[in-house]
Amino acid sequence: MLTGDDRDIFNKYLEKILGRPVWTHELADKAVQKEIKEKSLNDFLTLCKEAKHNGWINCEEKLPEKNGRYLVRVKSSDGTADIY
């Protein structure tokens, strides 16, 4: 979702939640991805709750009107939430 110089926002967030500098090549590591997912889950869920009041839509109600890239949250069959 972030491009160009704005990617620095993401990098600073990763450093904050992981408590250390993060190298770009580490983002391909499954263990690092899992750690990021676990440590960012509460922040992501908070964003989702807040977003409901800021124009986000439930796809069961309607789909986005424009083609594009969207941040979505999908519940898996076992009841946990998978984030994409």
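## Confidence

The model is predicted, and the mean pLDDT of the chain is 82, with 85% of its residues at 70 or more. Where pLDDT is low, the predicted coordinates should not be read in detail.

## Chain make-up

Two helices and two strands are found in the chain. Along the sequence they follow the pattern α-α-β-β.

Of the chain's 84 residues, 14% count as buried. The chain exposes about 7500 Å², of which carbon and sulfur atoms supply 53%. For contacts between residues at least 6 apart in sequence, 29% join residues at least 24 apart.

## Nonpolar core

Six residues form the largest nonpolar core: Leu 14, Ile 17, Leu 18, Val 22, Val 32 and Ile 36. Helix H1 (7-18) and helix H2 (30-51) are the elements that give two or more residues to this core. The most comes from H1, with three residues. In soluble globular proteins, nonpolar side chains tend to be buried together.

Glu 26 lies in the loop between H1 and H2. Glu 26 counts as buried because its relative accessibility is 15%, and the cut-off for buried is under 20%. Leaving out residues up to four places away in sequence, Glu 26 touches Arg 20, Pro 21 and Val 32.

Val 32 is one of the core residues. Beyond its neighbours within four places in sequence, Val 32 is in contact with Arg 20 and Glu 26.

Notes: Residues numbered from 1 in each chain as written. Predicted model: local features only at pLDDT ≥ 70, side-chain atom pairs only at ≥ 80, totals over all residues. Heavy atoms only, no water. Core = buried A, V, L, I, M, F, W, Y, C linked by side-chain atoms within 4.5 Å. Buried < 20%, exposed > 50% of the residue type's maximum accessible area, 1.4 Å probe, protein only. Helix = DSSP H or I, 4+ residues; strand = E, 2+ residues; numbered from the N terminus. Contact = heavy atoms within 4.5 Å. pLDDT = per-residue confidence, 0-100. Areas by Shrake-Rupley, 256 points an atom, 1.4 Å probe, with all protein chains shown as cover.
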